[in-house]
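Colleague: Hi! Could you walk me through some contacts in this model?
Modeller: Happy to, let's look at it together.

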Amino acid sequence: TGYLVHNLEFTAWAAMYAGCKQAALDVCDQIESFLDEQKLRSHPMIATFFEAYTATRTMVLVRFGMWDEILTEPEAPEWAAINRCLRHYARGVAYANTGRIKEAREELEAFDKAVTMIPEGEWVMGNQPAVEIMPLGRLVLEGEIEFKAGNRAKGLELLGKAVELEETFKYAEPVPWMMPA
C-alpha cells in the first residue's frame, strides 16, 4: 500500500511541477480509487499513515488555480483530519484569489479549528507529524489572504515566515507540503 501510493503521489507532484494538470488529476483519481474510504478505515494505522495521500487532489487544484472546482469540492468525512484541514486551506486560497476576502478569513478560522482535530503525533504527512506541517499551511493561507486584500507587505512577511518554516522540515520525497511556500 505504502509503496504504491507513495509512487502515485510522486507522479502527481512531478506533474504539478511540469505544468501537466490533466496528468496530475488523473493520478489523483488513481490514488482515490486505491485508497477508498473502506480501505482507509479498515485499520487505524492505514488512515494514520495514508489519509494525507488522498488530499493530493486538493493541492493539485490549488497549484492550477482551479478556484471554482475547489469551492464545489464536497466536505471531507469527519474522520479525515488532514483532508478537512487542506480543504479549508484550499477554499481560503480560492476565496482570496477571487476577491472574497471575508470568506477567505472565515476559512482561515475553520482551518485553525480543523487543525485541532488532528490526533497529535499520530497522523503523518511525509516523514513528519501532520500537526508540525499545518503551521506552514496557515502561514501560506494567511499570507495569501493578506496579499490579496492589499496588505502586500504583511502578506509577503507571512509568506517569508512560511519559507523559513518549510526549510526546517524533515527530508521527504515528495515533500509533505506539495506546494513550496
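Colleague: Is Glu 37 buried, partly exposed or exposed?
Modeller: This is a predicted model, and in it Glu 37 counts as partly exposed because its relative accessibility is 43%.

Colleague: And which side chain does Glu 37 meet in a salt bridge?
Modeller: That would be Arg 41, at 3.7 Å from N to O. Arg 41 has 52% relative accessibility, so it counts as exposed.

Colleague: How many salt bridges does the structure hold?
Modeller: There are 13 of them.

Colleague: Nice. Which residues are linked in a network of salt bridges?
Modeller: Glu 75, Glu 78, Arg 84 and Arg 87 are linked that way. Within this group, Glu 75 pairs with Arg 87 at 2.8 Å, N to O. That pair links distant parts of the chain, twelve residues apart: Glu 75 is in the loop between α6 and α7, while Arg 87 is in helix α7.

Colleague: What about Glu 78, which residue does it form a salt bridge with?
Modeller: Glu 78 goes with Arg 84, and their closest N and O atoms are 3.7 Å apart.

Colleague: Are those two arginines buried or exposed?
Modeller: Buried means under 20% relative accessible area. Arg 87 is at 12%, so it counts as buried, and Arg 84 counts as buried too, at 18%.

Colleague: Changing topic: at what angle do helix α5 and helix α7 pack?
Modeller: The angle is about 10°, and the axes of α5 (residues 56–63) and α7 (residues 81–97) are 9 Å apart. Angles under 35 degrees count as roughly parallel, so α5 is roughly parallel to α7.

Colleague: Which residues of α5 and α7 meet there?
Modeller: From α5 you have Thr 58, Met 59 and Val 62; from α7, Leu 86, Arg 87, Tyr 89, Ala 90 and Val 93. The contact divides into six nonpolar residues, one polar and one charged.

Colleague: Last one. Where is Glu 144 found, and what does it touch?
Modeller: Glu 144 is in helix α9, residues 130–148. Leaving out residues up to four places away in sequence, Glu 144 touches Val 93, Ala 96, Asn 97 and Leu 159.

Colleague: What is the nearest side chain of opposite charge to Glu 144?
Modeller: Lys 148, which is 4.3 Å away. A salt bridge needs the nitrogen within 4 Å of the oxygen, and Glu 144 has no salt bridge, yet Glu 144 is buried.

Notes: Residues numbered from 1 in each chain as written. Predicted model: local features only at pLDDT ≥ 70, side-chain atom pairs only at ≥ 80, totals over all residues. Heavy atoms only, no water. Helix = DSSP H or I, 4+ residues; strand = E, 2+ residues; numbered from the N terminus. Buried < 20%, exposed > 50% of the residue type's maximum accessible area, 1.4 Å probe, protein only. Lys, Arg positive; Asp, Glu negative; His and termini not counted. Contact = heavy atoms within 4.5 Å. Axes fitted to C-alpha atoms, helices over the stretch in contact; angles between N-to-C directions. Parallel < 35°, antiparallel > 145°, perpendicular 65-115°, else oblique. Nonpolar A, V, L, I, M, F, W, Y, C, P; charged D, E, K, R; others polar.
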